[in-house]
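The model is a predicted one.

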Amino acid sequence: MELKELTQRFSDTKENQAKAVFSTLFIAGNRLQTLFDRNIPEITLKQFMLLTMIRQSKEPLTFTQLGKLLGCSRQNIKKLAYALEKKGFVFITRNEKDIRASSIYPSEKCKSYFETVFITYQKELNILFEDYTIAEMEQLFHLMMRLYTGIEKMERHTGNAKG
């Protein structure tokens with residue numbers, strides 16, 4: 001089955017469009033992860049995203065806080081963080097505000113990595129979104145941010161909210 005045929009098949013109703021969008025998010029996520037895992041040296045896309053969150057934060061974050069941001073469990077973050085620590089990208093220490101929690105800090109290797117590898121990553125992102133106009137990119141951004149509202153509603157409805 002071709003993509004064009006699938007698009008046509010699911011374009012008739014809001015319900016079918018919602019199914020198609022959901023499937024697209026899942027498939028696009030898998031394809032992007034495969035592409036980036038193959039092309040980013042030393043780390044996986046999930047590790048890269050964790051490093052990005054750590055670097056963007058104004059204060060050290062705990063495993064639990066990072067799990068909420070990235071939409072995964074504290075244990076998953078812990079596993080990613082320890083793998084990154086072994087590779088020298090981060091160091092993990094007790095949180096200053098809560099000694100029961102651990103926080104993750106970027107290392108010099110992490111900073112250097114982003115100064116060199118991030119350039120390649122940024123080129124890939126530019127390729128991914130180069131066909132969008134400024135207005136389309138803005139609209140896509142706002143629609144994707146609204147998607148989080150729907151995810152939060154689903155979490156509350158099914159009792160799976162991370163908290």
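Axes are lines fitted to C-alpha atoms, for helices over the stretch in contact, and angles run from 0 to 180 degrees between N-to-C directions. Helices (H or I, at least four residues) and strands (E, at least two) are DSSP runs, numbered from the N terminus. Because this is a predicted model, local features need pLDDT of at least 70 and side-chain atom pairs count only at pLDDT 80 or more, whereas totals for chains, interfaces and linings use all residues. Residues are numbered from 1 along each chain as its sequence is written, and side-chain values use heavy atoms, with hydrogens and water left out.

**Helix packing**

Two packed helices are described by the angle between their axes and the distance between the axes. The table gives these values for two pairs.

| Helix pair | Angle | Axis distance |
|---|---|---|
| α3 and α5 | about 90° | 10 Å |
| α4 and α5 | about 105° | 8 Å |

Angles under 35 degrees count as roughly parallel, over 145 as roughly antiparallel, 65 to 115 as roughly perpendicular and the rest as oblique. On that scale α3 is roughly perpendicular to α5. Contact here means heavy atoms within 4.5 Å, and in this sense K46, Q47, L50 and L51 of α3 meet I77, L80, A81, A83 and L84 of α5. For residue classes, Ala, Val, Leu, Ile, Met, Phe, Trp, Tyr, Cys and Pro count as nonpolar, Asp, Glu, Lys and Arg as charged, and the others, Gly among them, as polar. The contact of α3 with α5 accordingly divides into 7 nonpolar, 1 polar and 1 charged residues.

Helix α4 (residues 63-70) packs against helix α5 (residues 74-86) at an angle of about 105°, and this makes α4 roughly perpendicular to α5. On the α4 side the contact is made by F63, T64, L66, G67 and L70, and on the α5 side by R74, I77, K78, A81 and Y82. The residues of this contact divide into 6 nonpolar, 2 polar and 2 charged.

**The nonpolar core**

Buried means under 20% relative accessible area, exposed over 50%, and partly exposed in between (1.4 Å probe, protein chains only). A nonpolar core is a set of buried Ala, Val, Leu, Ile, Met, Phe, Trp, Tyr and Cys residues joined through side-chain atoms within 4.5 Å. The largest such core holds 25 residues, of which I40, I43, L50, L51, F89 and I104 touch the most other members. The elements giving two or more residues to this core are α3 (45-56), α4, α5, β2 (90-94) and α6 (108-129). Leaving aside its neighbours within four places in sequence, L50 is in contact with L66, L70, I77, L80, A81 and L84.

**The sheet**

Two strands pair if DSSP finds at least two bridges between them. The 3 strands form an open sheet in the order β1-β3-β2, with antiparallel pairing. The edges are taken by β1 (61-62) and β2, each with a single partner strand, so one side of each is left without a neighbour in the sheet. The helix α3 packs on the sheet and touches β1, β2 and β3, its direction making about 90° with that of β3.

Strand β3 (residues 102-106) pairs with β2 in the antiparallel sense over 5 bridges, and within that pairing T93 stands opposite S103 while I92 stands opposite I104. On the other pairing, 2 bridges join β1 to β3, and the bridge partner of L61 in β3 is I104. Strand β3 is mostly covered, with 4 of its 5 residues buried. T62 lies in strand β1 and is buried, with a relative accessible area of 12%. Apart from its neighbours within four places in sequence, T62 is in contact with N95, A101, S102 and S103.

**Individual residues**

Most residues other than glycine have a negative phi, and most peptide bonds are trans. E42, in the loop between α2 (14-39) and α3, has a positive phi of about 75° although it is not a glycine. At 47% relative accessibility, E42 counts as partly exposed.

Q8 is found in helix α1 (residues 3-9) and counts as exposed at 62% relative accessibility. The C-alpha atoms of Q8 and G88, 80 residues apart along the chain, are separated by 48 Å.
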